[in-house]
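Subject: Structure for you to look at

Hello,

Here is the structure I promised to send. My notes come after it.

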Amino acid sequence: MAKTDVLTLAILGILRDQPLHGYQIRKRLGAELGPFRALSYGSLYPCLRRMVEAGLIEAAGEEPVGSSPASSRRARIAYSLTDAGRARLAEELASAGASSWDDDAFDVRFSLFAHTDAATRLRILEGRRSRLSERLEEVAEGLKRMHERHDAYTAELQRHGLEQVEREISWLDRLIENERSAPGGDNPGPTPTGH
């Protein structure tokens with residue numbers, strides 16, 4: 001399987017339920033996947049074009065209302081998943097490799113958990129927790145070194161990073177416990193808590 005980049009996976013997930021125009025895709029990505037809030041059309045449309053060329057999605061044009069041949073408005077293009085796109089999405093949702101819990105991919109994978117089986121969700125959560133535990137050790141060591149050098153501002157920045165990682169680990173612990181205690185691998189969804 002070719003590795004699917006994060007933006008492509010996010011778009012496949014967004015188009016899972018219905019066709020959307022480029023503007024709608026960008027808006028949904030911003031609303032549902034915080035890291036993509038600053039996604040530019042300069043990033044989105046080349047990715048959509050690559051996905052069309054790869055056969056993952058198809059584009060269908062729609063003439064603007066009241067258009068005439070002299071109109072300068074471009075046709076709006078709606079993008080929808082192809083069978084190959086649905087297959088790629090299903091394949092991605094069933095995988096739980098190390099890239100699925102990396103910083104750049106985790107939020108996208110988490111946003112698709114409603115469509116991911118329980119065992120895969122648990123592997124991703126546990127992998128993310130393991131990755132953050134390693135980071136926690138690194139940040140704690142960096143904080144110790146900052147104290148030794150008496151750089152108060154850098155030490156404060158390190159302390160802030162340490163607190164963020166500790167908070168995310170605590171959140172992941174709750175999610176993992178929720179997944180493990182769900183009867184029969186049902187998709188319980190996260191328990192509402194402050195993250």
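Below is what was found, going from the whole chain down to single residues.

Please keep in mind that this is a predicted model.

Overall make-up

The protein has seven helices and three strands. Of the 195 residues in the protein, 37% are buried. The exposed surface comes to about 11400 Å², and carbon and sulfur atoms supply 51% of that area. Taking contacts between residues at least 6 apart in sequence, 59% join residues at least 24 apart.

Two of the helix contacts involve H1, so I describe them together. A pair of packed helices is described by the angle between the two axes and by the distance between them.

Helix H1 covers residues 6–14 and helix H2 covers residues 22–32. Their axes are 10 Å apart, and the packing angle is about 100°. Angles of 65 to 115 degrees count as roughly perpendicular, so H1 is roughly perpendicular to H2. On the H1 side the contact is made by Leu7, Ala10, Ile11 and Ile14, and on the H2 side by Ile25, Arg28, Leu29 and Glu32. Sorted by class, this contact has six nonpolar residues and two charged ones, with no polar residues.

The arrangement of H1 with H5 is another matter. Here the axes come within 10 Å and cross at roughly 5°. An angle under 35 degrees counts as roughly parallel, and H1 and H5 are therefore roughly parallel to each other. H1 contributes Val6, Leu9 and Ala10 to this contact, while H5 contributes Asp104, Ala105, Val108 and Arg109. The classes here are five nonpolar, no polar and two charged residues. Ala10 is listed in the contact with H2 and again in the contact with H5.

Aromatic residues

The structure holds four aromatic pairs; two of them are described here. For such a pair, the distance of the ring centres and the angle of the planes give the description.

Phe106 sits in helix H5 (residues 103–111) and Trp171 in helix H7 (residues 152–181), so the pair, with its members 65 residues apart, links distant parts of the chain. Are these two residues buried or exposed? Phe106 has a relative accessibility of 1% and counts as buried. Trp171, at 12%, also counts as buried, since the cut-off for buried is under 20%.

Phe110 and Phe113 form another aromatic pair, with 5.0 Å from centre to centre and 50° between the planes, and this one is tilted. Phe110 is partly exposed, its relative accessible area being 23%. Phe113, at 6% relative accessibility, counts as buried. Phe106, Phe110, Phe113 and Trp171 together form one aromatic cluster.

Thr116 is found in the loop between H5 and helix H6 (118–149). With a relative accessibility of 5%, Thr116 counts as buried. Which residues does Thr116 contact, leaving aside neighbours within four places in sequence? They are Leu93, Arg109 and Arg121. Arg109 is also part of the contact between H1 and H5.

Tyr41 lies in helix H3, which runs over residues 41–53. Tyr41 is partly exposed, with 32% relative accessible area. Not counting residues up to four places away in sequence, Tyr41 touches Tyr23, Arg26 and Pro46. Tyr23 is 18 residues from Tyr41 in sequence, and the C-alpha atoms of the two are 8.4 Å apart.

Asp173 lies in helix H7, the helix that also holds Trp171. Asp173 is partly exposed, at a relative accessible area of 34%. Between Asp173 and Arg129 there are 7.7 Å from C-alpha to C-alpha, and the two are 44 residues apart in sequence.

Regards

Definitions and conventions: Residues numbered from 1 in each chain as written. Predicted model: local features only at pLDDT ≥ 70, side-chain atom pairs only at ≥ 80, totals over all residues. Heavy atoms only, no water. Axes fitted to C-alpha atoms, helices over the stretch in contact; angles between N-to-C directions. Helix = DSSP H or I, 4+ residues; strand = E, 2+ residues; numbered from the N terminus. Parallel < 35°, antiparallel > 145°, perpendicular 65-115°, else oblique. Contact = heavy atoms within 4.5 Å. Nonpolar A, V, L, I, M, F, W, Y, C, P; charged D, E, K, R; others polar. Phe/Tyr/Trp six-rings, centres within 6.5 Å; stacked < 30°, edge-to-face > 60°. Buried < 20%, exposed > 50% of the residue type's maximum accessible area, 1.4 Å probe, protein only. Areas by Shrake-Rupley, 256 points an atom, 1.4 Å probe, with all protein chains shown as cover.
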